[in-house]
Amino acid sequence: MLASALLAGNTLSAQSWVIGPFVRPSEAPVIQPNTFYYFTDPITQEKTFWDAGHAFNPAATIAPNGDVAVVFRAEGTSGKDEIGGHTSRLGLATSKDGLFFTIGGAPVLYPQNDDQKSKEFPGGVEDPRIVVGPDGTYVMAYTQWARDRGEYTVGIATSKNLEDWTKWGPAFGNAKNAKYDNLHYKSAGILTELHNGRLQAVRLHGKYWMYWGEGHIHLATSTDLIHWTPVLDTKTGLPQVVMSARAGHFDSGFPEVGPPPVLTKKGIVLIYNGKNSAAGKPGTQQGSLATDAAAPKDVSTEKTAGADEFAGDANIRPGAYSVGEALFSASDPGKLLDRTEHPVLTPVWPYERNGQYASGATFAEGLVPYKGQWLLYYGAADSVIGVASTELR
């Protein structure tokens, strides 16, 4: 166990509010791409090996039968051999121990000939985060990626069984008379609370809350978990920035929302992903999508310190994604109280440092309580899926 703790890349923290430190119960990925599952793509009508290229960036929850369920981003091998060059679809895997998974033979969410096609094809659907609603409905926030137009939004979908999903369109689609229709935004986690062994969406001050963003982290609220409105800065009228990059740290390039945040007795704990800049140099953007700063000027062009402005942590690869934790006030979800100085998970194993994303990544999106532990599922180098665990305190 000691070796596993060291390899987890943790600096044990005196901060009593953190969910970690995390250790890896397995020295190998728990989900990998396969070359034998295929389905007929409803748009191209072609036989598609949808999971043959990469399997990464997973959401996690408890399935209706009590098993661990992971909904993950899958890419085939067609398209350009580069990050963002493939169509992404979402697959489903289940496990009775959280380590050994059975993967479904067909994707459960993907671009179709529906009213979301223009927002999801040919780029696809990416990077889900899942919570359970009070009535047991699964609510998923995911990225809709229209690659040819360079457009992306957070989409909302719901399901009763994790297999059949209803798409509701962009999270901000009906807010403020379509004011945010041209906003580029991604990476969204809905506030949860541990309830009967599951992370369930929770109201705070009469509303549901969602942390969103890459580059800068913002807030949004909802009354129904489907239709969301950004929280605005009272001075600028733009989406409120609640967390940005830090010089010399693992999140010096930018922070990005990880799994759905958790309301605890200490406050709101947000596990997030931090991209490292080059030591001594400002950070640079990489990946399939740009930051939310690409939005219309009247919506999201805040000038606060953030991506591309700070030098990085010299102990971590430039461009690498590590996992950190932040604490926000329960009385004011936009008030940042504390965050970890060092990552609670960082790329160490070869499968985390060598893959489609060459700089290395432990990119967390799925947090689930299971059999006395927190299980944290993450994309490793944009190619496979790993898991880390800690005691459920």
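**Exercise 1. Phe36 and Tyr37**

Classify Tyr37 as buried, partly exposed or exposed from its relative accessible area, and then do this for Phe36.

Solution. Step 1: the relative accessible area of Tyr37 is 22%. Buried means under 20% and exposed means over 50%, with partly exposed in between. Tyr37 is therefore partly exposed. The structure is a predicted model, and the values below are computed from it.

Step 1: Phe36 has a relative accessibility of 56%, so Phe36 counts as exposed.

Step 2: turn to the rings. The whole structure holds 15 aromatic pairs. In the pair of Phe36 and Tyr37, the ring centres are 4.7 Å apart and the planes stand at 65°. Planes over 60 degrees apart count as edge-to-face, so the pair of Phe36 and Tyr37 is edge-to-face.

**Exercise 2. Phe101 and Tyr377**

Describe the aromatic pair of Phe101 and Tyr377, and explain why the pair ties together parts that are apart in sequence.

Solution. Step 1: the ring centres of Phe101 and Tyr377 are 5.8 Å apart, with 85° between the planes, and the pair is edge-to-face.

Step 1: locate the two residues. Phe101 belongs to the loop between β5 (88–95) and β6 (102–103), while Tyr377 belongs to strand β23 (residues 373–380), so the pair links parts that are 276 residues apart in sequence.

Step 2: check the burial. Phe101 has a relative accessibility of 15% and counts as buried. Tyr377, at 0%, also counts as buried.

Step 3: another aromatic group is a cluster formed by Phe172, Tyr180, Tyr185 and Trp212.

**Exercise 3. The sheet that holds β23**

Give the strand order of the open three-strand sheet that contains β23, and state how its strands pair.

Solution. Step 1: the order is β22-β23-β24, and the pairing is antiparallel.

Step 1: β22 (362–370) and β24 (384–391) are the edge strands, each pairing on one side only. From one strand to the next, the twist averages 25°.

Step 2: β23 and β24 run antiparallel and are joined by eight bridges. Leu376 stands opposite Ala388, which is in β24.

**Exercise 4. A four-strand sheet and a hairpin**

Find the order of strands in the open sheet of four strands, then describe the hairpin of β12 and β13.

Solution. Step 1: the four strands are ordered β11-β14-β15-β16 and pair antiparallel. The edges are β11 (188–190) and β16 (228–230), each of which pairs on one side only. Neighbouring strands in this sheet are turned by 30° against each other on average, direction ignored.

Step 1: β11 pairs with strand β14 (residues 208–212) over three bridges, in the antiparallel sense. Gly189 has Tyr211 in β14 as its bridge partner.

Step 2: The bridge partner of Leu194 in β13 is Leu199. Two residues lie between the strands of the hairpin, and Asn196 takes a positive phi near 50°.

**Exercise 5. The surroundings of Ser222**

Decide whether Ser222 is buried or exposed, and list the backbone nitrogens of Asp224 and Leu225 with their distances from its side chain.

Solution. Step 1: Ser222 is in strand β15 (residues 218–222). Its relative accessible area is 4%, so Ser222 is buried.

Step 1: a polar atom of the Ser222 side chain lies 3.0 Å from the backbone nitrogen of Asp224. The backbone nitrogen of Leu225 is 2.9 Å from a polar atom of the Ser222 side chain.

Step 2: leaving out residues up to four places away in sequence, Ser222 touches Lys207, Tyr208, His227 and Trp228.

**Exercise 6. Ala278 and the whole chain**

Place Ala278 in the chain, and say which residues beyond its sequence neighbours it contacts.

Solution. Step 1: Ala278 sits in the loop between β19 (267–275) and β20 (321–328). With a relative accessible area of 21%, Ala278 is partly exposed.

Step 1: setting aside neighbours within four places in sequence, Ala278 contacts Ala311, Gly312 and Pro318. Ala278 and Asp313 are 35 residues apart in sequence, and their C-alpha atoms are 7.3 Å apart.

Step 2: now take the whole chain. The protein chain has three helices and 24 strands. Of its 393 residues, 61% are buried. Among contacts with a separation of 6 or more, 62% come from residues 24 or more positions apart.

Notes
Residues are numbered from 1 along each chain as its sequence is written. This is a predicted model: local features need pLDDT of at least 70, side-chain atom pairs count only at pLDDT 80 or more; totals for chains, interfaces and linings use all residues. Side-chain values use heavy atoms; hydrogens and water are left out. Buried means under 20% relative accessible area, exposed over 50%, partly exposed in between (1.4 Å probe, protein chains only). A polar contact is a pair of N or O atoms within 3.5 Å; within protein, one must be able to donate a hydrogen and the other to accept it, and residues adjacent in sequence count only if both atoms are side-chain atoms. Contact means heavy atoms within 4.5 Å. Two strands pair if DSSP finds at least two bridges between them. Axes are lines fitted to C-alpha atoms, for helices over the stretch in contact, and angles run from 0 to 180 degrees between N-to-C directions. Rings of Phe, Tyr and Trp (its six-membered ring) pair if their centres lie within 6.5 Å; planes under 30 degrees apart count as stacked, over 60 as edge-to-face and the rest as tilted.
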